[in-house]
Structures are given as structure tokens and as C-alpha cells.
Amino acid sequence: MPTRERIRHDLAVRRTTVERVSWLTDTMVRVTVLGESLRGFSAPGPNDHVKLFFPDPESGVLTTPEITAEGLKRPTDGLILSRDFTPLNFRENGSNGLPELDIDFVIHGDDAPATSFASHAHAGQELGIAGPRGSKLVPEGISRAVLIADETALPAYTRWLRLLPPEVKVTPIVQIQDDETEDYLTDEHRSRGTLEVLYREDGPGQLIEAVRSLGSIEDDTYVWAAGEANELVEVRRHFRRDLGLSKDQVEVEGYWKRGIVNLDHHAPLDPSDPD
Ligand SMILES: Cc1cc2nc3c(=O)[nH]c(=O)nc-3n(C[C@H](O)[C@H](O)[C@H](O)COP(=O)(O)OP(=O)(O)OC[C@H]3O[C@@H](n4cnc5c(N)ncnc54)[C@H](O)[C@@H]3O)c2cc1C
């Protein structure tokens, strides 16, 4: 059975500055932040995440929480706006020798804090970063990984590809909006296994169909899926209930949920069947 080692990190809240903004497609933008505060940043797990703190869109002022013995504490004044994101590329010695971090944002409108920040991001803006608090390393004892991701999970998918040992076979399935989003996918994303790309605009039901057509899953295969929470409920049921795989072998994470602001991804994906 696959096992994943867990590592705890000291909690840190880092204030960084936007260094560069690069549009990768019409709906995906890479924001590179820089700062001495990132020195020693570590995120060794493929699906590690950080909490980003955005400046108040009106005043431009960034308020970040304080660290206390109990964890992060909101200050009594100042607007705290935070969302979860994947730390994609970290360079200990980036521009001017300072540590740099890339974060890729999906742009899905203009009203929500993260998408609004990213779509208007410019050099010199502040961004707060907390975490990761813990890392789950790639599974040991596997010969294959099934990786399923939508746009929001493509940065994590990239990290899985980089961190899995080369001998582990990969079965990748990604679901994106349309062929324009496909420009995000590089040779690196297609470097391991035959990448199956599904377009959401082609209608519902394709993801679960693709998942069912994988057939049986061997004991030494690990399954990771992340994306829109509602769509993943059926996917999780298939692996956990229909195929009877244990939670040590399957991780399905809702990264966002249609109609829900700031989804709590620690809550059970399927409340009728919590782990
Ligand atoms: C562990 C983890 C890692 C993540 N990594 C990334 C990452 O690297 N890149 C990334 O882009 N996202 C990532 N996400 C997802 C991101 O946190 C959510 O999409 C978040 O809701 C965006 O915040 P927001 O302020 O833009 O929207 P919110 O204020 O949270 O939501 C406002 C509205 O927008 C909708 N919405 C939210 N996201 C989307 C979307 N992608 N498409 C369409 N509608 C949406 C919501 O359903 C809601 O109705 C990650 C989430 C988790 C839990």
C-alpha cells in the first residue's frame, strides 16, 4: 500500500513584492513575487499549498495575520483577504540574488479577491504568503500515479510530474475550459504518459467517463485528483466506493466549488461520505 511521509513546517507569514507578471493564456497569469522574507521557503510536497494575502483593493494596503501559539490571528483592524494557492516554482537566488516564487492564477472574472488581484497585478504591489504548514511527500512504494487536474490544479500537477521518481508511470487526465487554455500546457506537461485533455465546454460527464474507462487500479497505483469540488464527488465515489480503494491510495481535493466563495478544502468533499 502506498505511504506518504508528512513534514511539519514552522509557520511563517512573509511579505513579498510583485516582481513580474506574465500572461500565459487569456485566462492564466503567472505572478512572480520576490523578497528576502522568502529565504528558506520550503514546499517539498507535490500538492503543498500556501495562503496568499491580498492588499485591500481600495487602499492598496496589505494586512497580514499575526502568528500566535494557537496559529494565525486576525488583527483587530485592516481587511484580511486570503485564498489558497500552489507555490509553483521557487528560486532561492532569483532576481538581484533575492528569493523568488511563481504562482499561476486562473482568471475567472473580476470580482473575487484572488482573480482580481492577479488580473491587475503589477510590479511593486505587496502580497502576503503564509505556509505551507505541512507537506505530504510523494507516495512511496508505487509504480503508477493517476493524476487528474483542472486548470486550478495544473500547477500542482506540474509539481507532481517533477517530484515523482522517473520510474513511476503516470496516467494524466486534465480537464480545462477550451483549447485556448491548452496553450498553458507545455512539453513538460506531456512528458510522462499520454496526456488526456478534456474540454469542459464539450459538456458534462466526460471526466467521470474518462475515470471509469481507466478500469481497475492496481494496489501499487496512487490516485490524486483536484479541481472543482462538485465534479469530483463522483470521481471520488468511483475510486473509493465502486473500486473500494482506501484513503491511503486515493486523494481527491476540491480546489474550488462553483458558487462558493473561498471554499474550505479541509471540509469533506462528499459530506455524505466523510473519511
Ligand atoms: C490546495 C489548493 C491549491 C490551489 N492552487 C491554485 C493555483 O495554483 N492556482 C489557481 O488558480 N487556483 C488554485 N486554487 C484554487 C483557488 O484557491 C480558488 O479558485 C479560489 O476560490 C480563488 O479565489 P477567488 O478570490 O478568485 O474566488 P472566490 O472569492 O473564492 O470565489 C468567488 C466565486 O468564483 C468562483 N470561482 C472560484 N475559482 C474559480 C475558478 N477557477 N473558475 C471559475 N469560478 C471560480 C467561486 O465558485 C465563487 O462563486 C487552489 C485551491 C486549493 C484548495
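A crossover between two strands is right-handed if, with the strands pointing away from the viewer, the path from the first strand over the helix to the second runs clockwise. Keep that in mind for the first view; the model shown in these close-ups is predicted.

**View 1. A right-handed β-α-β unit is built from strand 15, helix 4 and strand 16.** Here strand 15 covers residues 221–228, helix 4 spans residues 229–242, and strand 16 takes in residues 250–256. The two strands run parallel and are joined by six bridges. To find your place along them, look for Ala-225, which stands opposite Val-252 in strand 16. Strand 16 is mostly covered, with five of its seven residues buried.

**View 2. Val-33 is a buried residue of strand 3.** Strand 3 comprises residues 28–34. The relative accessible area of Val-33 is 0%; because buried means under 20%, this residue counts as buried. Leaving aside its neighbours within four places in sequence, Val-33 is in contact with a run of residues that includes Thr-16, Thr-17, Val-18 and Glu-19. Its other contacts include Leu-38, Pro-99, Glu-100, Leu-101, Leu-127 and Ile-129. Look also for Ala-123: Val-33 and Ala-123 are 90 residues apart in sequence, and their C-alpha atoms are 8.7 Å apart in space.

**View 3. Ring pairs link Phe-54, Phe-85, Phe-105 and Phe-117 into a cluster.** The structure holds six aromatic pairs. One of them joins Phe-85 and Phe-105, whose ring centres are 4.6 Å apart and whose planes meet at 40°, so the pair is tilted. This pair links distant parts of the chain, with Phe-85 in strand 7 (residues 81–85) and Phe-105 in strand 9 (residues 100–106), 20 residues apart. Both Phe-85 and Phe-105 are buried. Phe-105 also pairs with Phe-117: here the centres are 6.2 Å apart and the planes stand at 50°, so this pair is tilted as well. Phe-105 in strand 9 and Phe-117 in helix 1 (residues 113–119) are twelve residues apart, and their pair again links distant parts of the chain. Phe-105 has a relative accessible area of 0%, while Phe-117, at 6%, is buried too.

**View 4. Thr-86 is buried in the loop between strand 7 and strand 8.** What is the relative accessible area of Thr-86? The value is 7%, and since buried means under 20%, Thr-86 counts as buried although a loop holds it. Which residues does Thr-86 touch, not counting those up to four places away in sequence? They are Asp-48, Asp-102, Ile-103, Pro-155, Ala-156, Arg-159 and Tyr-255.

Methods: Residues numbered from 1 in each chain as written. Predicted model: local features only at pLDDT ≥ 70, side-chain atom pairs only at ≥ 80, totals over all residues. Heavy atoms only, no water. Phe/Tyr/Trp six-rings, centres within 6.5 Å; stacked < 30°, edge-to-face > 60°. Helix = DSSP H or I, 4+ residues; strand = E, 2+ residues; numbered from the N terminus. Buried < 20%, exposed > 50% of the residue type's maximum accessible area, 1.4 Å probe, protein only. Pairing = 2+ DSSP bridges. Contact = heavy atoms within 4.5 Å.
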